[in-house]
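Hi,

Here is the structure I promised to pass on. Have a look at it first, and then read my notes below.

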Amino acid sequence: MKSLENVVKKALLSLDFDREQPVALAFSGGLDSTVLLDILQRVVGNEKLRAVYVCHNLRPKEELEREISLIKNTCRARSVRLTLVHIREGAIAGYAKRAGCGIEAAARHFRYHALVRTARRWGISTIITAHHADDHLETFLMRLVRGGSLGSLAGISASRTLDKNSGIRVLRPLLEIERRELHDYAEKKGLVWSEDSTNGETVFLRNRVRHLLIPYLDSQFPSWRQSVIGYASQIGNAEAFLRTCANERMQALQREYRGRPALALELFRREPAVIRQAILELFLQSLAVGHHVGHRALRNLDGAIARGALKAEAGGYEFDLSEGLIRFRGRAHFSSAPRARSASFLLDSYREDQYFLKVQAPGEYECGAFRLVVSRDSRAIPGFGNSAKDGSEKSASIGIPLSFPFVFRNKKEGDVIHTEAGIKGIDAIIKEAKIPARLRHLVPLLEDRYGIAAVLLSMCAEDQTPAALCRKPSLGEKGEIVYIFLLMKGDHIINV
């Protein structure tokens with residue numbers, strides 16, 4: 001049996017992995033990630049390794065409790081730091097319904113969001129997952145039967161940037177290893193792992209591919225695996241070349257209209273169809289739109305441009321095609337396309353963030369890592385006026401004039417607040433408060449129709465920073481006094 005440790009080392013080296021930097025392992029407690037945990041301990045060492053378990057709350061509680069217990073015991077016995085992230089029950093199903101996607105895709109969305117958030121919290125720029133060769137083949141077949149862009153058939157990439165702002169990327173060093181090899185390794189090493197009860201069901205597409213389609217292909221077409229890997233590799237190379245060409249052409253097409261990026265329409269029309277659609281995809285990515293725009297939507301947009309339309313809609317977004325330019329207008333107001341978040345009169349241009357909650361009325365809410373209790377009477381809020389900060393959970397209280405509905409969210413670029421001392425940039429305020437860089441993106445804001453009402457600094461500060469910076473009182477005088485008790489739920493962390 002070839003040395004899996006050497007395979008992992010070689011794969012990581014080819015992906016420009018820095019062994020001196022801390023890493024996060026997506027640790028499910030299953031066979032694949034348990035083997036990778038065992039290998040990474042020797043490759044990077046315990047001091048630089050953090051395991052991250054994301055509980056989707058999609059399986060029976062008893063099974064999850066046993067799995068979490070095993071994970072805790074494994075990490076404690078190995079002296080590996082562990083972060084457990086719990087996704088609220090019903091959140092994944094709710095997102096799947098709103099976004100018009102399956103439970104698998106919704107769970108994956110939450111999982112990677114949790115991994116990136118945890119990595120940013122601990123100053124980690126590399127996340128490692130245990131995807132292997134069988135996952136690679138299953139993904140190819142799933143995308144083949146679902147349809148979509150040719151590039152999707154390249155399968156699972158060995159390296160991908162997850163968060164452009166922080167440079168966090170994911171590495172997958174097991175893509176050349178089959179599941180049976182991992183099983184042999186685990187048996188030989190005497191490793192203990194958990195089994196997901198849903199893996200044997202055929203409700204999800206991946207399981208149907210794994211248990212029905214792949215066994216049939218193995219029995220009828222013995223060489224199909226090598227053929228698929230060969231095609232996926234060729235498609236990946238072709239896609240990389242296409243993106244390089246599209247990048248070069250987009251630079252020649254880029255224009256500016258009223259300070260916002262645009263594309264030269266006539267030059268765009270001269271490009272081949274495959275380049276045009278790749279340019280549109282790159283253009284939208286450069287704008288950091290809120291969710292992925294699929295191949296069909298890009299093709300429809302390209303068709304509208306070819307027909308000479310003055311306006312077009314694609315993937316839930318509006319485009320202006322007048323004045324010789326292709327201009328992005330934002331979300332379509334009357335689109336039938338699924339939306340990633342509820343409409344808000346406050347933030348039509350809101351793009352990507354970590355959390356966002358629209359509060360319509362007093363009540364109890366959960367959003368990201370926070371729980372809010374909102375009331376018109378401070379006496380109705382247990383714990384109001386008492387702040388706590390114990391390292392795993394933080395709480396704070398505030399009474400402030402607000403207008404319903406208001407928004408509870410994290411900061412975005414360009415945010416300002418009007419204070420008694422004048423207009424101040426949120427980024428500058430957070431920096432002056434000496435909030436650690438890894439936590440600055442989590443600082444909560446309260447915003448209503450009159451602008452940002454408060455910056456809740458103490459939730460992310462490590463010292464005795466004032467609880468909140470509020471706006472000039474006269475700017476909120478049309479609102480009512482609202483009392484808010486805020487709890488920041490810490491990750492369950494084992495530090496050894």
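How much accessible surface does the chain have, and what percentage of it belongs to carbon and sulfur atoms? The accessible surface is about 24900 Å², and carbon and sulfur atoms hold 50% of that. Accessible areas here come from the Shrake-Rupley method with a 1.4 Å probe, and for residues only the protein chains shown count as cover.

Before you go further, keep in mind that this is a predicted model, where local features need pLDDT of at least 70 and side-chain atom pairs count only at pLDDT 80 or more, while totals for chains, interfaces and linings use all residues. Residues are numbered from 1 along each chain as its sequence is written, and side-chain values use heavy atoms, with hydrogens and water left out.

Now the overall picture. The chain has 13 helices and 24 strands; these are DSSP runs numbered from the N terminus, with helices being H or I of at least four residues and strands E of at least two. Of the 496 residues, 47% are buried (buried is under 20% relative accessible area, exposed is over 50%, and partly exposed is in between, with a 1.4 Å probe and protein chains only). Among contacts (heavy atoms within 4.5 Å) with a separation of 6 or more, 68% join residues 24 or more positions apart.

Is Ile71 buried or exposed? Ile71 counts as buried, because its relative accessibility is 1%. Gly29 is 42 residues away from Ile71 along the chain, yet their C-alpha atoms are separated by 5.7 Å.

As a rule, most residues other than glycine have a negative phi, and most peptide bonds are trans. Here are the exceptions I picked out:

- Phe404 to Pro405: this peptide bond is cis, with omega near -10°. Pro405 is in the loop between β16 (393–402) and β17 (406–410).
- Asp16: phi is positive, about 60°, although Asp16 is not a glycine. Asp16 is in the loop between α1 (4–14) and β1 (23–26), and is exposed at 66% relative accessible area.
- Asn57: phi is positive here too, near 55°. Asn57 belongs to the loop between β2 (49–55) and α3, and is partly exposed, with a relative accessible area of 25%.

Cheers
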